[in-house]
Amino acid sequence: MPALPLDHPSRESVTTIRSDGSRAFLFPSDARGRFNLARRISALALIAFYLSLPWIKVNGHPAVFLDVVTRRFHLFGVTLAAQDMWLLFFVITGMGFSLFFITALLGRVWCGWACPHTVFLDHVYRRIERWIEGDAPKRRALAAAPMSATKAFKYTLKHTLYVLVSAVITHLLLAYFVSLPEVWAMVSAAPAEHWGAFVFIFIATGVLYFNFAWFREQLCIVICPYGRLQSALIDDHSLVVGYDVKRGEPRGARRASSAAATAALAPAPALGDCVDCNRCVQVCPTGIDIRQGLQMECVGCTACIDACDDVMTRLARPRGLIRYDSQNGFSGQKTQWMRPRTLLYFFLLLVGASVATWALTTVKPANFGITRITGSPYVVDATSVRNQFLVRIVNKRNQTATFTVSLTGAKPGLVQSGFESAVAVPGMGEIVQPLILQLPRATYSGPFKLDVRVQDAGGKYTLVRPVEFLGPDARLLREEEKK
Ligand code: SF4
Ligand code: SF4
């Protein structure tokens, strides 16, 4: 597995693909510094967050539990039934505009700090690799070395751990859909008893392993659409990780005036602060040279900031030759935070968030639907006109709930049967039963509209559905009676 020469990445091709189309593996060096420390802390918090959601209970359900079998979706205490899925449109658009707003303001801060792919790759899989194979030069040397017992042992150990970690992540991912006790029951049983879940675990573990062991940064460079959207979302005022060309150029190595100390490497007057040491390139996980300008491959991981700050500190120069700044900031102009683009995205974000909040707060802990029984829309007999419906009441709470069914806007004499007394619906269950509306022929004067109301026992909420009582033309009915 030959290493990619990282000294001067070409902008003519993707850094991870050689001219013959084969995969070029990167061996990014370690970068230590304030950003690396902050990212590590935030990554640990995020990993704990991602993996703990199925364990934390809110209103008796896991914080996130997408129960596809019963079509109930529990999100931080709110339970949605399949009929409530329209609400997700506003939640997803609200999240989308939040990402637009954050990107317009802070560039690819999501990619570098919070994306699960970056978090798990940088802070789990790469750490396993470093622990087993050593730092970048050792990893590169091991990759270039012929197969030996040591190399076979290290690679076997690394890939075994990769598979194990991928399997653990996959099982916790499955818990988002079937709950932890169910996952545990599946793990304890023979695969033949849960073929579907077993195949899912097998395939998902394989996909995760393939991604984190081999595909890696190519997901960001080649597949992720957000990286491509970046250029459309940011402008010269957006915060990005960039290189201060005015300060750094012309770049060039310093000649030591004394062998005594690195501090004696005084910058030559004709040169900028960049000593062309290539540390920023060596630490880059996507193998690019940030000095060539803002690039789609930059995931904003800040490794090059820490690396260059370290070099500048050793040279007794101010930190920040590579830093978070806007393109305008780098060219000496003012950065404007409030501008039409950010205001528009913020407005859309507010609209999405407000509608999502309104929609989620109006979600009722029960659902009800009413449909006409198939066949004739009405039945006329010797004494009455009859309409028959099917009522379906879904209880979205854990406990049994009691509901009463009543009518409003009904004509005098209308009698309902099927729901004369309150009905009990088990927790997370539903009932489907007929509702028959009957009107004496003598009082029938033609079709009319009315409301069917379902109310919970405490009278805390009422669900209303309009229906139409259908029947023949009243005049024809009277004429028929006279005959
Ligand atoms: S780490 Fe800093 S000094 Fe070294 S090449 Fe990169 S920008 Fe120049
Ligand atoms: S250029 Fe810097 S911030 Fe961007 S991916 Fe490379 S190391 Fe990370």
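In the predicted model, ligand 2 is surrounded by 13 residues, with Cys284, Cys298, Cys301, Thr302 and Cys304 the closest among them, where a residue is taken as near a molecule if one of its heavy atoms lies within 4 Å of it. By class, this shell comprises 10 nonpolar and 3 polar residues and no charged ones; Ala, Val, Leu, Ile, Met, Phe, Trp, Tyr, Cys and Pro are counted as nonpolar, Asp, Glu, Lys and Arg as charged, and the others, Gly among them, as polar. Residues are numbered from 1 along each chain as its sequence is written, while chains are lettered from A and ligands numbered from 1 in the order in which they are written. Local features need pLDDT of at least 70 and side-chain atom pairs count only at pLDDT 80 or more, whereas totals for chains, interfaces and linings use all residues, and side-chain values use heavy atoms, with hydrogens and water left out.

Around ligand 1 there are likewise 13 residues, of which Cys274, Cys277, Asn278, Cys280 and Cys308 come nearest. Helix H12 (279-282) and helix H13 (303-314) are the elements that give two or more residues to this shell, helices (H or I, at least four residues) and strands (E, at least two) being DSSP runs numbered from the N terminus. The shell around ligand 1 is made up of 9 nonpolar, 1 polar and 3 charged residues.

Cavities and pockets were searched on a 1 Å grid over the protein atoms alone, a cavity being a set of points where a 1.4 Å probe fits but cannot get out, and a pocket an open set with protein on both sides within 12 Å along at least five of seven lines; lining residues have an atom within 4 Å of a point. Grid points are joined across faces, edges and corners, and a volume is the space filled by probe spheres set on the points. Over the whole structure, 4 cavities of 30 Å³ or more are found. The largest cavity, with a volume of about 110 Å³, is the space taken by ligand 2, a molecule being assigned to a cavity or pocket if more than half of its atoms lie within 2 Å of its grid points. Of the 15 residues lining this cavity, Cys284, Ile288, Cys298, Cys301 and Cys304 lie nearest its centre, and the lining divides into 12 nonpolar, 3 polar and no charged residues.

The largest pocket has a volume of about 1200 Å³. Its lining consists of 37 residues, and those closest to the centre are Tyr50, Leu53, Met95, Pro116 and Tyr176. Elements supplying at least two residues each include helix H1 (34-52), strand E3 (64-67), helix H4 (116-133) and helix H15 (340-361), while H2 gives the most, with 8 residues. The lining has 32 nonpolar and 5 polar residues, and no charged ones.

The second largest pocket contains about 420 Å³ of space. Among its 21 lining residues, Ser29, Asp30, Ala31, Asn36 and Asp122 are the closest to its centre. H1, H4 and H13 are the elements that give two or more residues to this lining, with the largest share, 6 residues, coming from H4. By class, the lining of the second largest pocket comprises 6 nonpolar, 4 polar and 11 charged residues.

An open sheet is formed by 4 strands in the order E13-E11-E15-E16, with antiparallel pairing, two strands being paired if DSSP finds at least two bridges between them. Strand E13 (423-425) and strand E16 (462-469) stand at the edges with a single partner strand each, so one side of each is left without a neighbour in the sheet.
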